[in-house]
Amino acid sequence: MLSNKRNISHTLIPNYGLKLKLDHVYPEKRNQHYIPSFRVIWSMIPLILRYILFYIKSKWKGQRLFIDSFSPRTPEQIYGVPIGGIGSGTIGRGFKGEFCRFQLRPGIYEWNTVDANQFIITIKNEENVTTFQSLLSTYRKSSLSSWESQLDASKCTYTGLYPRAWTEYDLSKYGIKLTCRQISPVIPHDYKNSALPCAVFVWNIENISADYKTVTIAFTFKNGTGSKNDTNGACSSKAFSYENSEGVVLYHKIDNMPCAYALAAKTRDDLSVTKCLYFNPKSNGFDVWKQLKDNGEFDKTNTSVTENVYGEMACGIAAKIRIGPRECQEVEMSLVWDIPTINFPLRQKIYSKFYTKYFGKENAILKIISYSFNNYSSWEEAIYNWQEPVLEDSKLPDWYKGALFNETYFISDGGTLWLLVDDEEAKMYSKNDPRITYGRFAYLEGQEYIMYNSYDVHFYASHALHKNWPFLQKCLQYDLKDFISLEIKQYSDELYNGHKIERKYRNSVPHDAGNPGEEPFKLINAYPVHDVSKWRDLNSKFILQTFRDAYSSYETPDMDYLNDMYDSCYSIIQIWIENDIDEDGLIENGGIPDQTYDSWNMTGVSAYCGGLWLAALQAMMTMADQLGKGNHKKVFENILNKAKPAYQRKLWNGSYYNFDCSKEQYKSIMADQLCGHWYLRCAGMKDYEVFPKENVEITLNSIFKNNVQLFCNGTMGAVNGTVDGNVDNCTVQSVEVWTGVTYALASTMISEGMIEEGFQTAGGMYNSMVYKLGLAFDTPEALYAEKYMRAVAYMRPLSIWSMQIAWENSNKSLNDK
């Protein structure tokens, strides 16, 4: 009889997600070595020369670069669903079974595949003869030469639907079918479980033969992260038996921070768990392999603790079970990594990770193991309940059902920090401040763009947080509010034009919360290319996020939040009002890349920044009215009444909004020109008081025709700029498809009833990116028509959650009618 667990719907393999055979080979490879036209290079020579000098100085001082343009990463096309919760470090897993990417040091990625980190299966027949033994991965190793993969990869299937994954191993030839469920506790609106540094692996073993089988699943792991630094310092291991688990803890250090790995199996009477406290991960591995092959277990020893080992060491556990004919059994294993406190290179402060709020800073690892075994089933049910409405919606395309959740991987795998607020910090916060309860949250702009909470980009990505972990979004906003009033009188040369600039000006929205190579949260604005205090989009983006956070998820606005945020919103909008020289109510760009498109010049009034400004004025008018600030509302209303006709007069050409007011670029059709309108719609605004409905519809049709359908036959998303039906080659960024912008554009289309066009726009890009280019769980910022991509694993694509917001809002509107 099969176990009842197998019939529980929330454990079954879903019909959607990344589905590959373990021998899958992607048809196309891309790299980051795009060379722009000579004209573009010529215009960038001063910036390039300044960057080279900056690069040399940074390397000489041993400082981490915010972007290392000379060492871009080539995608490896191996990644599956990563493991680990939010803000406690993650470990990447390949779809072929590898442990292949480590983000355990704050903001630092190590793209290493570790040979010793493996699952191994041993199958014995009734006569106790081993009939099959193999690694449960097909990755080719360089060490541990005795360890073999005997899998028929063509008969093994991977399904990835973040935060879970399933691997099916067809071992019918040996009387066994094996399925592994990989579970990480990433659960919307659950702030305790989502922070945990762990994963659970549930092995479902089905004996399809008429004979008894003895099956062993072994799990091995080494210290460190597969880097050369793994040989530094001492390691030790300890066997344990704790409540409902048995296993091994491996103690070591990562970047001088104490770390413990724990391998564990959930105990029960019919399961035998043995432990290997030490083996050399650089050896041929013969002793370990032979023990499992001969006995189906590790040799029992009299010691439960190893002496210190200086260098690399590995350990393991083996869970052995006897299974009757036609029976099915489960073996439950977990991996936990405990690095409770962190610091950054300048060592100005020691931070505690958020999960220590519940499990403490000392000896938490065994508690987390037991907790994970007791609760993983409820995690799975909560994840299933989150995903089920989307997966079961027959009106949604299949690709989207996998994409929505798989793109969410960056919430945990984005170099994410989730830190406790200590008592001293808490004293400085207002009573309504969510950081007191929910801590501080930060994630990187990208795995290669190492700046936390890059705000121009987070503006797009924030929908994922707002929809699923709204208090983390608000914690980030409260940090930004505090940063606005901060001043840092540290001067540097602006890379774009060589001017001396102050690191952070008072009453300005920062670009980012800092570089993990310095001291984030204290040394903000790590981005040195432009003087971001003059960027034309940041102020509007802060106001619009405040507006969205306060209004879109509540029947009535969050008044405490509005009260806390309003003064900051007012101070930053006043600055731009005072700079409106021609008094037409609009802000103007400075003829330079003074916004998130940081190599694309905008001159005078631009569709992008001007549209954001109009939307921000509408938001300020609404918030002022809500707070009873009638005088403020009147001011914003007067400005908006001037600005709207000026925006139409200066930019509307009957088919779309001109890119800007320059003579060179005004004809360019920008895919992102309706960004302000998009945000108002995501915030729940149903009317067209700011952007005329007819203009929005005409513009979307122009973008769909020129930027989507005429570009790669609609199979690569929306290219950023086109002129007369051709790609606009004026700059590097105009020829790119920004994945996050494509999702935002698709969301806007869905909001306006262009549902088929919206899903076609985003679906063409996603299917090419994932199934042709192999960039699942590695989503870049930018794609080119062919050969190239840029900025692997980036924040902006989390904007896919705005598509879900638009879809739900459109369905709600239909139901209301």
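Reply: Two strands pair if DSSP finds at least two bridges between them. Strands (E, at least two residues) and helices (H or I, at least four) are DSSP runs, numbered from the N terminus. This is a predicted model, where local features need pLDDT of at least 70, side-chain atom pairs count only at pLDDT 80 or more, and totals for chains, interfaces and linings use all residues. Residues are numbered from 1 along each chain as its sequence is written, and side-chain values use heavy atoms, with hydrogens and water left out.

Me: How many bridges join β7 to β8?

Reply: Strands β7 (residues 156-161) and β8 (residues 164-171) run antiparallel and are joined by six bridges. L161 has R164 of β8 as its bridge partner.

Me: What is the strand order of the open sheet?

Reply: Its 10 strands follow the order β1-β7-β8-β9-β10-β18-β14-β13-β12-β16, with antiparallel pairing. β1 (18-21) and β16 (309-310) are at the edges with a single partner strand each, so one side of each lacks a neighbour in the sheet.

Me: Which residue does the side chain of K275 join in a polar contact?

Reply: A polar contact is a pair of N or O atoms within 3.5 Å; within protein, one must be able to donate a hydrogen and the other to accept it, and residues adjacent in sequence count only if both atoms are side-chain atoms. K275, in strand β15 (residues 271-279), has such a contact of 2.8 Å with the side chain of E246.

Me: Where is the kink in α9 centred?

Reply: The bend at a residue is the angle between axes fitted to the seven residues ending there and the seven starting there. In α9 a kink of about 50° is centred on A461.
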